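The following paragraphs lead the reader through a set of local features. Please keep the sequence and the model in view while reading.

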Amino acid sequence: MTQDRYDVVVVGAGATGSATAWALARRGRRVLLLDRAQEPPAQGRDVVRPGHADVARCRLALLSHQWWNVLEHEAGERLVDPTGCVEHGPVEALRPLVETLLVTSVPFEYLTGPEAEQRWPGMRFDDRAVVQPAAGVADVAATQAALRRQAVSHGADLALGADVRRVEVREDGARVHVADGDHVDAPVVVVCAGAASAGLLDGVVALPPALVVRETRLRGDRVEALPPSSRAWPAFVHRADPVAHRSARGDLGPDDGYPALSVRGEPTDDGVVLVHRTEPAPAAAGNAGADAVATELARYVAQCLPGVAVDAAGPWVTERAAGPLVLDRVGRVVLALGTGLHGVALAPGSGQVLADLVEDGLGVPRQVGADDDELDRSRFSLAALGAAV
């Protein structure tokens, strides 16, 4: 690899790494983006919504919302299908979300379950529903491709199939060691390598234990024609909470057949993909336990989406790196952890935060009055986790 050409090397060309390379290249930095895969894995769709139950994460989502617009404009394509998003559940389950939306001034509607059912025929809702109209569903592969393409268009170099082995911190910068004894030097290195980050940074930064969540997906096709006047279904998050549901019902007792699982719904052109997240992922490898989750998802469809037929092809399983969300800098190393849990949703904003941290490492003065002034970056630091550095 060409030596001493770059201001920063970004390790990991997934959504967050690519967004960081794009942000830095737009600012005129010389960037090299590396990934060991010839084509970083990307599949499915992710729900993108500005409102989250945590204030810091909500601020990051709002920053991302701004940069999603810039990315789509630069790429010349729509990456987020504007479906809106409905989160529903018992009042107590939704309270943290509602409080955060009020604090951060994110637009939303608060509906009763029957009001939501009248608006979206064919869907059954829990006690209350929070509607975020400025939400949508993003195509993961198209988004990652657009981020890499725009990074390159702004001058970044992209090297896929580069097997990074470790990162070494030196007096004048950092060295990224690649297979076959090759290496590349830069003043700052960004590591966005998911579960592989700990191994790459062994002896440099002590990271919190890596966590993995499993997502079981089941596709459903809409088989009942809806009235022509019916709205398209939104993305949804059902925060099913049997304890809060039972408490709210009081002497009436819980409803028969109340869902056993919390479920996320990602609408498609002709149906919906149901997703259940298991945290942490089961220790057994492969699809162990997926059939049991799929059975519950099929039961959920019968209860809450009665106009949908479950695809006979059965479930498919993916795993995501989870754990606390970290966007931080330790000397010459900038790192991102836990971003995989959100897929591409927070990537545009996370890339901007990481680019700021890189420029801090390069000694570039921070711009005063930036759009993300309200973002509390300390909430995403290693120090906030009490992690040893």
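**A walk through the predicted model**

A polar atom of the Gln132 side chain lies 2.7 Å from the backbone nitrogen of Gly51. Such a polar contact is a pair of N or O atoms within 3.5 Å; within protein, one must be able to donate a hydrogen and the other to accept it, and residues adjacent in sequence count only if both atoms are side-chain atoms. The model is predicted, so local features need pLDDT of at least 70 and side-chain atom pairs count only at pLDDT 80 or more, whereas totals for chains, interfaces and linings use all residues. Residues are numbered from 1 along each chain as its sequence is written, and side-chain values use heavy atoms, with hydrogens and water left out.

Gln132 belongs to strand β7 (residues 128–132); helices (H or I, at least four residues) and strands (E, at least two) are DSSP runs, numbered from the N terminus. Gln132 counts as buried because its relative accessibility is 1%, where buried means under 20% relative accessible area, exposed over 50% and partly exposed in between (1.4 Å probe, protein chains only). Not counting residues up to four places away in sequence, Gln132 touches, among others, Arg49, Pro50, Gly51, Cys85 and Leu97; contact means heavy atoms within 4.5 Å.

Four bridges link β3 to strand β8 (residues 136–139) in the antiparallel sense, and Val47 has Val137 in β8 as its bridge partner.

On the α2 side, Trp68, Leu71, Glu74 and Ala75 meet Thr143, Ala146, Leu147, Arg149 and Gln150 of α5. The residues of this contact comprise five nonpolar, two polar and two charged; Ala, Val, Leu, Ile, Met, Phe, Trp, Tyr, Cys and Pro count as nonpolar, Asp, Glu, Lys and Arg as charged, and the others, Gly among them, as polar.

Strand β15 (residues 235–238) is covered on both faces, with Ala235 and Val237 buried on one side and Phe236 and His238 buried on the other. Strand β5 (residues 85–89) runs parallel to β15 and is joined to it by four bridges, with Phe236 as the bridge partner of Val86. Strand β16 (residues 263–267) pairs with β15 in the antiparallel sense over three bridges, and Arg264 is the bridge partner of Val237.

Phe236 is also among the contacts of Leu305, which include Trp233, Val272 and Tyr300 when neighbours within four places in sequence are left aside. Leu305 is found in the loop between α8 (290–304) and β18 (308–310) and is buried, with a relative accessible area of 1%.

How values were computed. Two strands pair if DSSP finds at least two bridges between them.
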